[in-house]
Amino acid sequence: LLSGSCGLELFNNLHLPAEVLTRISLFAYGPVARRRPACRHLLVQGQRDALSRLWFSRVDVRINGGHMDYLTRPELPELCRQFMAEEEA
């Protein structure tokens with residue numbers, strides 16, 4: 001799954017059962033949520049994303065950019081491809 005901004009909080013509030021969460025991989029860019037998800041995930045944050053930093057001071061990957069320009073960053077699709085490839089391995 002792809003999740004931008006507060007989409008991570010929406011996902012967390014689904015309260016999915018553990019057996020479902022074991023089958024989900026979540027790529028979250030600009031994450032805004034009260035906690036990390038309970039499934040396999042990668043949190044990507046822009047170096048200038050002050051909004052996301054309010055919620056997550058530690059993320060898995062930092063890229064250049066702010067909160068509203070993740071989808072314009074050329075490194076984002078490659079990070080997503082790598083994340084998906086790790087699942088297949």
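Trainee: Is Glu86 buried or exposed?
Mentor: In this predicted model, Glu86 counts as exposed, with a relative accessibility of 54%. The cut-off for that label is over 50%.

Trainee: Which residue forms a salt bridge with Glu86?
Mentor: Arg40 does, and the closest N and O atoms of the two residues are 3.7 Å apart.

Trainee: Let us turn to Asp60. Which side chain meets Asp60 in a salt bridge?
Mentor: That of Arg36, with an N to O distance of 3.3 Å. Asp60 belongs to the loop between α3 (50–55) and β4 (61–63), whereas Arg36 belongs to the loop between β2 (25–29) and β3 (40–46); the two are 24 residues apart. Asp60 is partly exposed at 38% relative accessible area, and Arg36 is partly exposed at 30%.

Trainee: What about Asp69 and Arg48?
Mentor: Their side chains also meet in a salt bridge, at 3.8 Å from N to O. Because Asp69 lies in the loop between β4 and α4 and Arg48 in the loop between β3 and α3, the pair ties together parts that are 21 residues apart in sequence. Arg48 counts as exposed, at 52% relative accessibility.

Methods: Residues numbered from 1 in each chain as written. Predicted model: local features only at pLDDT ≥ 70, side-chain atom pairs only at ≥ 80, totals over all residues. Heavy atoms only, no water. Salt bridge = Lys/Arg side-chain N within 4 Å of Asp/Glu carboxyl O. Helix = DSSP H or I, 4+ residues; strand = E, 2+ residues; numbered from the N terminus. Buried < 20%, exposed > 50% of the residue type's maximum accessible area, 1.4 Å probe, protein only.
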